[in-house]
Amino acid sequence: MTRREQYEAQTESILQPIMEANNFELVDVEYVKEAGTWYLRAYIDKEGGIAIDDCELVSRALSEKLDELDFIEDSYILEVSSPGLGRPLKKDKDFNRNLGNEVEVRLYKAINKQKEFVGILTAFDKDTVIIEQEDGEEIIFNRQEIALIRLALDF
């Protein structure tokens, strides 16, 4: 397990009791470096959506625990936010929640000169994702070949 993965896992375990106490869902935790600065981000959600007060509540509780445990060596910026509409589907619970919804799939390498696909998410397992396109054709993707999968946004 990399240091980054360790920090994310420890942060998730700190967040779980906070999430349960407030009936929130922990969508994801990421520890990333952007433009030379480390960010520890927690994405939270709840039925009806997350408000700024919810983010503040979780941020304060998490910040206190992080200061107390002090397991992250680098200096970093803590961010707590809602996952947003264009968030990627990463975990099985994300896929389960979106079965039957239209998704956008982007691949690392093109299949028949195409890298982007849109269709209804019909099934998935640990190795594959299946979508049904508008014409009824099913496409099976190997999860390792998917660069990004998220809800399709229609405007």
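Predicted model: local features only at pLDDT ≥ 70, side-chain atom pairs only at ≥ 80, totals over all residues.

Colleague: OK, what's the strand order in the open sheet of five strands?

Modeller: The order is β7-β6-β5-β4-β8, and the pairing is antiparallel. β7 (138-142) and β8 (146-151) are the edge strands with a single partner each, so one side of each has no neighbour in the sheet. On average, neighbouring strands there are turned by 40° against each other, direction ignored.

Colleague: And how many bridges join β5 to β6?

Modeller: Four, between β5 (residues 114-124) and β6 (residues 128-132). Ala123 sits opposite Ile130 in β6.

Colleague: Switching over: are β2 and β3 parallel or antiparallel?

Modeller: Parallel, over six bridges, with β2 spanning residues 37-45 and β3 residues 76-81. The chain gets from β2 to β3 through helix α2 (residues 52-69), in a right-handed β-α-β crossover.

Colleague: Which side chain does Arg41 meet in a salt bridge at 2.5 Å, N to O?

Modeller: That's Glu79. Arg41 is in β2 and Glu79 in β3, so the pair ties together parts that are 38 residues apart in sequence. Arg41 also has a salt bridge with Glu34, at 2.9 Å, N to O.

Colleague: Is Arg41 buried or exposed?

Modeller: Buried, because its relative accessibility is 11% and the cut-off for buried is under 20%. Glu34 is partly exposed at 36%, and Glu79 is partly exposed at 30%.

Colleague: How many salt bridges does the structure hold?

Modeller: 19.

Technical notes:
Residues numbered from 1 in each chain as written. Heavy atoms only, no water. Pairing = 2+ DSSP bridges. Helix = DSSP H or I, 4+ residues; strand = E, 2+ residues; numbered from the N terminus. Right-handed = clockwise from strand over helix to strand, strands pointing away. Axes fitted to C-alpha atoms, helices over the stretch in contact; angles between N-to-C directions. Salt bridge = Lys/Arg side-chain N within 4 Å of Asp/Glu carboxyl O. Buried < 20%, exposed > 50% of the residue type's maximum accessible area, 1.4 Å probe, protein only.
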